[in-house]
Each structure stands twice: as C-alpha cells, then as structure tokens.
Amino acid sequence: IWYEISGVEPNQKESKYALDNGINIIGSSLKDIQQAQITFDAITLWDVLEHIKDPVNYLKSLRMFLKPNGYVFVQIPTCDSLAARVMQKKCNMFDGIEHLTLFSAKSLDSAFNSADFTKVVVKSVITDYFAFNNYLNYENDPYMPDNDNYDLLLSLLAKDFIESSGLGYKLQACYKIKN
C-alpha cells in the first residue's frame, strides 16, 4: 500500500526537518491547504488538538479537507489519566499556557460529535511511570529511609491495567465523517 503524505507545520525548524526527510509540507496553516485545494483520506493530529483555542470549530473546518468517508486520527493528553488524577495541578498537562483545552474521553467524543464525526475507536496509551516515580519521590521526605516504597507501589500498577482502564496519559482516537 502506498500513501502520499503531506503536512502542515507552523514551526519553521520542524517544517525544514520534515522536508529534509521527504515529507511534503503544504504550508504552516489550514489556509495553505485551502489555497492548494487538496483533500485527504485521513488527517492526523498528533498532540495538536489540546493547543487549539476552539477545537470544535477547528474540527468542523477539517471536514472541508477530507474526502467523503474521511478519517481524523488524534492523540491528546487526557485529564482522565492516572497521572492527572494523582498529581493534579502538578501534572504537566495542566500548565495553563500551552494546553488551551483539556479532554476526557467523553469530552473528546462530544467535540467530534459536535463537528459531525462518529467515533471509530478510542484507546488509552502511555502509563507515564517516570512522571509518577518522579512526583512521588519528590513529594516524599528525602530524609526518611523508606523512600523506595513508591517503587513498589508503582510496580503494582501494571501498564496493561492502566491503559485498559482508560487511565493512560494520552488517548489515541479515530473518528469518521458522519454520512
């Protein structure tokens, strides 16, 4: 199977990297796609949607760039994650600067539904053990001899359990244009 890949990248350094590695960069914004009058079978948004000021209208605008029965794949950090629930405001997803919209699995479905897409699949991924370990060990008194107890706690949280319970740090989801 052969796929023709094109991208939109606002960061000039990243755009140059993509071009240097054989990826066609159409421009730096959706307006550049509109001017090129191109449509796609699928659009992917890797850690993008949470940075968009009005994600529902953004998703609606993507529809004009998709062929009939087109798909949108998205990866986002999720406020449903175990990391977000345990670390709360200390979790990096709550920085308040870069992440303009926070999503749960339910709110992601709602946003796509409002933009006239239907869910194909949603999967929880990334356990984020390192962040937990760092957080728990930082919060613990470093002068107490039982500081390693958190490593045991983390070892009890199996990666498969975290992800299958919808508690992974990110969601990966695919949505299709409604007919």
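This is a predicted model: local features need pLDDT of at least 70, side-chain atom pairs count only at pLDDT 80 or more; totals for chains, interfaces and linings use all residues.
## Ground rules and overall fold

Partly exposed here covers whatever falls between buried, under 20% relative accessible area, and exposed, over 50%. Lys119, with a relative accessible area of 45%, is therefore partly exposed.

The protein chain has 8 helices and 6 strands. Reading from the N terminus, the order is β-α-β-α-β-α-β-α-α-β-α-α-α-β. Of the chain's 179 residues, 36% count as buried.

## The largest pocket

E3 is the top contributor, with 7 residues.

Which residues sit nearest the centre of the largest pocket? They are Ser6, Gly7, Val8, Ile43 and Thr44, out of a lining of 36 residues. By residue class, the lining splits into 22 nonpolar, 9 polar and 5 charged.

Tyr3, Ile5 and Ile23 together make a nonpolar surface patch of about 330 Å². Ile23 belongs to the loop between helix H1 (12-20) and strand E2 (24-27). Its relative accessibility is 33%, so Ile23 counts as partly exposed.

## Salt bridges

Side chains of opposite charge can pair when their charged atoms come close. Searching the whole structure turns up 6 salt bridges, and three of them get a closer look here, starting with Asp20 and Lys16, whose closest N and O atoms are 2.7 Å apart. Because the two are 4 residues apart in helix H1, about one helical turn separates Asp20 from Lys16. Asp20 is exposed, at a relative accessible area of 54%.

Next up is the Asp80 and Arg85 salt bridge, with an N to O distance of 3.9 Å. The cut-off for a salt bridge is within 4 Å, so this pair qualifies. How do the two partners compare for burial? Asp80 is buried, with a relative accessible area of 19%, while Arg85 is partly exposed at 49%.

Then there's Asp109 with Lys119, where the closest N and O atoms are 2.9 Å apart. This pair links distant parts of the chain, 10 residues apart: Asp109 is in helix H5 (residues 105-114) and Lys119 in strand E5 (residues 117-125).

## Two positive phi values

Gln37 has a phi near 50°, which is positive even though the residue is not glycine. You'll find Gln37 in the loop between H2 and E3, and its 70% relative accessibility makes Gln37 exposed.

Asp47 also has a positive phi, near 55°, and is likewise a residue other than glycine. Asp47 lies in the loop between E3 and H3. Is Asp47 buried, partly exposed or exposed? With a relative accessible area of 24%, Asp47 is partly exposed.

Definitions and conventions
Residues are numbered from 1 along each chain as its sequence is written. Side-chain values use heavy atoms; hydrogens and water are left out. Patches are made of residues with over 30% relative accessible area and no salt bridge: like charges are joined within 9 Å, nonpolar side chains (Val, Leu, Ile, Met, Phe, Trp, Tyr) within 5 Å. Accessible areas come from the Shrake-Rupley method with a 1.4 Å probe; for residues, only the protein chains shown count as cover. A salt bridge is a side-chain nitrogen of Lys or Arg within 4 Å of a carboxyl oxygen of Asp or Glu. Buried means under 20% relative accessible area, exposed over 50%, partly exposed in between (1.4 Å probe, protein chains only). On a 1 Å grid over the protein atoms alone, a cavity is a set of points where a 1.4 Å probe fits but cannot get out, and a pocket is an open set with protein on both sides within 12 Å along at least five of seven lines; lining residues have an atom within 4 Å of a point. Ala, Val, Leu, Ile, Met, Phe, Trp, Tyr, Cys and Pro count as nonpolar, Asp, Glu, Lys and Arg as charged, and the others, Gly among them, as polar.
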